[in-house]
Amino acid sequence: MGALLPAFAGMLMLAVLLSSLAHRTILSTAALFLVAGFVLGDGALGVVSLRPGDDLVATLAELALFAVLFTDGMRVGWKDLRGAWRLPGRALGWGLPLTLIITALAAHYLLGLGWVESLLVGAILAPTDPVFAAALVGNDKVPPRLRQLLNVESGVNDGLALPFVMVFLAVAAGSDDLHLGELGLELGLGIVIGVAIPWLAIKLEQTRWFSASTQYEPLNGLAIGLLVLAVGKATHGNLFLAAFAAGITVATFGERQRESFEHFGELIAELLKLAALLVFGALITPALLGSVGWQGWLFAILALVLARPVAIWVSFLGSGLSVREQAAVAWFGPKGFASVVYGLIVLASGITTAQSVFQLVAVTIVLSIILHSSTDVVVARGFDDERDVPAWFGITRRLRGRAQEDAPS
């Protein structure tokens, strides 16, 4: 574990040097760190030696997911959220459960898992993560409603999937008491913490007794996030809902605080994300990748190219989204930190099928990171102006236009 810091520092320097190239091509820093973790881990060179049960693994994944959701929430305020809820509501109300069910059906009939374990796998893989589709979400030429849809959906579905994970895990463990009341309290408490703490902090700064200096202003958002995290951990509130709610609250009531923290916060989230990917990659070994067999890899492919697209197609019937927008939403349902964290929770639970579930989840996440983070630039450029798209795309667009002109009216 002592080699982890120099390994991360070296990879971070390489990522910085290649960041401009990665922004223009399909090269992905996320995939770079994942591959580096695999090469440096026990599966190859053995430089970074980690076990799934190590505290560092779960803690780093949890912190990375918290930071990503906190900064994601800052991109929208409550007013924007209410005004744009129609489309995210479809994705969450219909898309999330349909993705869960279709994924569970694939796990049950293709892999022979029991229904409870299959539903557990479906719940773990249902959440999405826009971090691995950054070129799409961060491209100003992509329709705002599409970017907001992906941001809001991915920010909320992590917390919504958690109760399903906990319930199916309790059933798989043979528990007679599913603790539904405790789960509801955990979710509600997370939202309360995420709203109350930032609101109070912002209101205090607006009084005549307190004022942040220009030098310390960027640290205000960091202090709010750390306080939300600390109180959430102490009270067992849902950290992920608390993080997203806190980000939205800051965006709603503290525009100045949001602007001062935005760039700083995104850098923190990026650092934690890359560190978590390096650690996760170190846990992936050739033995793990081979243990799932061809059925496991086929399941991973179906979970990405069938479950999400079918669920989104059904969810957005009559929504008014263009075919291109629906295709982008259907494809960009990458599996990320939430699935990593939930998979680690299952692995530490001690249920008889814990290892099998984690292996399936790990293989699907690996495939998702590679595919989604390598295609976000290409898809995003489909929404760009003619001068910004690759030459092959421009030729295709012109040929299509000529065909339409030549077609008889």
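This is a predicted model: local features need pLDDT of at least 70, side-chain atom pairs count only at pLDDT 80 or more; totals for chains, interfaces and linings use all residues.
**Exercise 1.** Determine how H10 and H12 are oriented relative to each other, and which residues form their contact.

*Solution.* Begin with the extent of the two helices: H10 covers residues 217–235 and H12 covers residues 255–283. Next, consider the geometry of their packing: the axes lie 7 Å apart and form an angle of about 70°. Angles of 65 to 115 degrees count as roughly perpendicular. H10 and H12 are therefore roughly perpendicular to each other. Finally, identify the residues that meet. H10 contributes Glu 217, Pro 218, Leu 219, Asn 220, Gly 221 and Leu 222, while H12 contributes Arg 256, Gln 257, Ser 260, Phe 261, Phe 264 and Ile 268. Of the residues in this contact, six are nonpolar, four polar and two charged.

**Exercise 2.** Compare the span of H10 with the expected value, then describe its buried residues and what follows its end.

*Solution.* H10 has 19 residues, and the distance from its first C-alpha to its last is 28 Å, close to the expected 27 Å. Its buried residues include Glu 217, Asn 220 and Gly 221, and also Ile 224, Gly 225, Val 228, Leu 229 and Gly 232. Just after H10, His 236 adopts a positive phi of about 65°.

Definitions and conventions:
Residues are numbered from 1 along each chain as its sequence is written. Side-chain values use heavy atoms; hydrogens and water are left out. Axes are lines fitted to C-alpha atoms, for helices over the stretch in contact, and angles run from 0 to 180 degrees between N-to-C directions. Helices (H or I, at least four residues) and strands (E, at least two) are DSSP runs, numbered from the N terminus. Angles under 35 degrees count as roughly parallel, over 145 as roughly antiparallel, 65 to 115 as roughly perpendicular and the rest as oblique. Contact means heavy atoms within 4.5 Å. Ala, Val, Leu, Ile, Met, Phe, Trp, Tyr, Cys and Pro count as nonpolar, Asp, Glu, Lys and Arg as charged, and the others, Gly among them, as polar. The expected span of a helix is 1.5 Å times one less than its number of residues. Buried means under 20% relative accessible area, exposed over 50%, partly exposed in between (1.4 Å probe, protein chains only).
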